[in-house]
Amino acid sequence: MIPLEFGRYYHIYNHANGEDLLFREEKNYTFFLEKYHKYLDSVVETIAWCLMPNHFHLLVRIKSDEEIADHPGFENLDGLSDKEKSNLISKQFSNFFNSYTKAFNKVYQRRGSLFLKNFKRKEITDDKYFRNLILYLHNNPVHHRFTTDFEKYPWTSYQSFIHQQSDYLIQYFDDVKNYHHAHKIYHTTIEMEFEE
């Protein structure tokens with residue numbers, strides 16, 4: 001499994017265990033996002049995301065060690081090996097998944113792991129992959145037939161990209177019109193690049 005390193009960009013994703021769902025009702029999505037912000041906002045910059053009933057995708061930048069230095073558990077990074085630093089970052093994700101699972105299991109009277117054991121990650125090293133991943137994430141609910149209209153699906157960052165005028169929108173799409181157009185013409189040749 002590739003390590004998580006400070007200052008790098010990653011596609012992070014995971015699936016529900018077996019045939020289970022990660023999100024059974026609308027309140028699960030909002031609760032997941034609340035837990036996500038609680039455990040990960042101080043460690044990652046979230047660029048794009050997509051939540052679907054049985055899996056999720058994230059496009060994140062792990063913050064630099066200088067940005068994370070004030071976060072509990074990250075104050076004394078000097079002298080740690082790269083593996084130890086990666087483990088600290090992974091532990092934040094693990095704490096998030098465990099917290100969500102524990103609450104979910106209590107509400108739905110279930111036991112055991114909710115997520116597949118190891119969350120998947122792929123480092124993003126080029127601009128083309130980065131741009132296509134944004135398109136892929138926002139179109140993924142259509143691909144998996146959870147909706148027929150990516151613009152109306154509420155559990156992606158598609159709309160927040162527009163409303164917040166994300167720096168990444170300008171960098172990779174120039175403006176809102178091109179951003180919208182790129183999503184509209186998205187096609188299966190791009191999808192194949194990200195198949196799980």
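A residue is called buried when its relative accessible area is under 20%, exposed when that area is over 50%, and partly exposed in between, as found with a 1.4 Å probe and protein chains only. The views below show a predicted model, in which local features need pLDDT of at least 70 and side-chain atom pairs count only at pLDDT 80 or more, while totals for chains, interfaces and linings use all residues. Residues are numbered from 1 along each chain as its sequence is written, and side-chain values use heavy atoms, with hydrogens and water left out.

**View 1. Two loop residues with positive phi.** Arg 145, in the loop between α4 and α5, has a positive phi of about 65 degrees although it is not a glycine, and Arg 145 is exposed, with a relative accessible area of 75%. Asp 174 lies in the loop between α6 and α7; its phi is near 75 degrees, again a positive value in a residue other than glycine, and Asp 174 is exposed at 55% relative accessible area. Helices (H or I, at least four residues) and strands (E, at least two) are DSSP runs, numbered from the N terminus.

**View 2. The start and the buried face of helix α7.** At the start of α7, a side-chain oxygen of Asp 175 reaches to within 3.2 Å of the backbone nitrogen of Lys 177. Within this helix, which spans residues 176-184, Tyr 179, Ala 182 and His 183 are buried. Seen down the axis of α7, these buried residues fall within an arc of 100 degrees, so they line one face of the helix; the arc is that of the directions from the helix axis to the C-beta atoms.

**View 3. The largest pocket.** A pocket is an open set of points on a 1 Å grid over the protein atoms alone, where a 1.4 Å probe fits and protein lies on both sides within 12 Å along at least five of seven lines, and its lining residues have an atom within 4 Å of a point. The largest pocket has a volume of about 300 Å³, and of the 18 residues that line it, Thr 46, Ile 47, Trp 49, Ser 160 and Gln 164 are the closest to its centre. The largest share of this lining, 6 residues, comes from β2.

**View 4. The second largest pocket.** About 260 Å³ of space lies in the second largest pocket, where Ser 94, Phe 97, Asn 98, Leu 116 and Lys 117 are the closest to the centre among the 14 lining residues. Helix α3, residues 82-108, gives the most to this lining, with 5 residues. A volume is the space filled by probe spheres set on the grid points, which are joined across faces, edges and corners.

Technical notes
A polar contact is a pair of N or O atoms within 3.5 Å; within protein, one must be able to donate a hydrogen and the other to accept it, and residues adjacent in sequence count only if both atoms are side-chain atoms.
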